[in-house]
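Here is a friendly walk through one protein chain, for anyone meeting it for the first time. Have a look at the picture, then read on.

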Amino acid sequence: MNTTQNLVLAGIDGSSLTNAVCDYAAWIASRVEAPLKLLHTIDHHPEHTEHTNITGNIGVDSRDHLMDELTQLEQQRSKLRLQQGKQLLQAARERVMQAGILDPITNQRHGSLVESLIELENDLRVLVIGVRGKVHENQPDKIGAKLESIIRSLHKPILVVNAEFKVPERIMLAYDGSPAAEKALDMVANSPLYKGLVCHLVCVSKDEGKGQLLEVAVNKLQLAGGIEVIAKKLIGIPEQVLSEYQEQKGIDMTVMGAFGHTRIRDWLLGSFTVKMLTHSLKPLLLLR
C-alpha cells in the first residue's frame, strides 16, 4: 500500500480535543483500511511573537546586546515548541497504536496549518480535526479561528470533532438535494465506513418537491446495501431542527454538505455550516 496517498490525516495541537481527534481518526482508518497520519504544525507567524521596542535614546552597543538576547530567546522558544510537538506526536502515536493502528505516520511541519493542509490535500482521504484549538477550547460558543478557512480551502471530507470519542452506531445525513448533499449521499452509499450503521436521512424543508428527492435518496442508500435507512422530512429552522433531532434520536455523527453559498450570502444571512458547527454536540462530517 502506498502510505503517502489515501491518508486519514489527524490534525493535533495539544488541546482538550486532541485525544478524541486521534480516536476518531483511528476508527476511520481501521474501518476503511487506510494509513493514518498524525500532523502537528508550528506556526511562526509574527503575531505569536512578543515584540520589544528597543529604539530610543540607548546606545548602539546596548541595542546590539538586546538584539542578540532577543534572537537567543526566540531560538529557545522555537526549540521548546519543537520538543513539545515531538512529545505530542509521540503520545498521539502511542494512543492510535493502542486502538489497533499498526504503523501510524507522524509529521511535524513549520508554518500555517491551512497552507500545510492544502499542500497535503492530494494525499488525503479524510481530515479529522477539532472544532476549536487551544485558543478557544474554553469557549464552546466559538469555533476554531482557522476552521472555516480549512473547510473552505479543502475539497476532501473533513470530520470536525467536538466531543469525546464514541463508536458511531447512528448517523444523520442532512439532505437537501444540493450538489454537496448529493456528494455526501454518494459517499455514505459507497464507503465501507458506514456499513452496518443506521442512517437517518433527514430533510428540513417546506417544499413538497423535496419529499420526492428524499425518496430517491432513500432508494439509493437501500440499493447500496449494508445500511439501515430511516427517512424523515421536517419543517423549521434547519440548524435548530437538526440539532434537536440529533439529540432525540441519539445520533452519533452528522454528515452534511458545507458552505454551499457564497461568502457574501453567508455574511448577510449567516452561514448554516457555522451555525451547525456551533449548535451540534456531536461530530460533523463535512463535504464540499
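## A helix across the strands

Let's start with helix α3, which spans residues 113-120. In this predicted model, α3 lies across β1, β2, β3 and β4, and it runs at about 145° to β2.

Helix α1 also lies across strands: β1, β2, β4 (124-130), β5 (158-161) and β9 (253-257). Its direction is at about 160° to β4.

## The sheet itself

So what do those strands belong to? Ten strands make up an open sheet with mixed pairing. Reading across, the order goes β3-β2-β1-β4-β5-β10-β9-β6-β7-β8. At the edges sit β3 (105-110) and β8, each of which pairs on one side only. From one strand to the next, the twist averages 20°.

## The whole chain in brief

Stepping back, the protein chain has nine helices and ten strands. It has 288 residues, and 44% of them count as buried. Now take the contacts between residues at least 6 apart in sequence: 79% of these join residues at least 24 apart.

## Two pairs of helices

Two packed helices are described by the angle between their axes and the distance between the axes. Helix α5 (residues 179-190) and helix α6 (residues 209-224) pack at about 20°, with axes 8 Å apart. An angle under 35 degrees counts as roughly parallel, so α5 and α6 are roughly parallel to each other. The crossing of α5 past α6 is right-handed. On the α5 side, the contact is made by Leu 185, Asp 186, Val 188 and Ala 189, while α6 brings Ala 217, Lys 220, Leu 221 and Ala 224. Sorted by class, that contact has six nonpolar residues, two charged and no polar ones.

The second pair is α7 with helix α9 (residues 272-279), and here the angle is about 35° and the axes are 9 Å apart. Again we have a right-handed crossing, with α7 passing α9. Pro 238, Glu 239, Leu 242 and Ser 243 of α7 meet Phe 272, Lys 275, Met 276 and His 279 of α9. The class count for this contact is four nonpolar, two polar and two charged residues.

Is Met 172 buried or exposed? Buried means under 20% relative accessible area, and Met 172 has 0%, so it is buried. You'll find Met 172 in strand β6 (residues 170-174). Leaving out neighbours within four places in sequence, its contacts are His 200, Val 202, Leu 242, Tyr 245, Gln 246, Ile 251, Met 253, Thr 254 and Val 255.

Not counting residues up to four places away in sequence, Thr 273 touches Met 256, Gly 257, Ala 258, Phe 259 and Leu 286.

Where does Ile 235 lie? It is in the loop between β8 (228-234) and α7 (238-248). Exposed means over 50% relative accessible area, so Ile 235, at 59%, is exposed. Even so, Ile 235 has contacts beyond its neighbours up to four places away in sequence: Val 204, Ser 205, Lys 206 and Val 241. Of these, look at Ser 205, which is 30 residues from Ile 235 in sequence and 5.4 Å from it in space, C-alpha to C-alpha.

Last stop: Glu 33, in the loop between α1 (18-32) and β2 (36-42). Glu 33 counts as exposed, at 63% relative accessibility. Its backbone is worth a look as well. Most residues other than glycine have a negative phi. Glu 33, however, has a positive phi, near 55°.

Note on methods. Residues are numbered from 1 along each chain as its sequence is written. This is a predicted model: local features need pLDDT of at least 70, side-chain atom pairs count only at pLDDT 80 or more; totals for chains, interfaces and linings use all residues. Side-chain values use heavy atoms; hydrogens and water are left out. Axes are lines fitted to C-alpha atoms, for helices over the stretch in contact, and angles run from 0 to 180 degrees between N-to-C directions. Helices (H or I, at least four residues) and strands (E, at least two) are DSSP runs, numbered from the N terminus. Angles under 35 degrees count as roughly parallel, over 145 as roughly antiparallel, 65 to 115 as roughly perpendicular and the rest as oblique. A crossing is left-handed if the near helix is turned anticlockwise from the far one by less than a right angle, and right-handed if clockwise. Contact means heavy atoms within 4.5 Å. Ala, Val, Leu, Ile, Met, Phe, Trp, Tyr, Cys and Pro count as nonpolar, Asp, Glu, Lys and Arg as charged, and the others, Gly among them, as polar. Buried means under 20% relative accessible area, exposed over 50%, partly exposed in between (1.4 Å probe, protein chains only). Two strands pair if DSSP finds at least two bridges between them.
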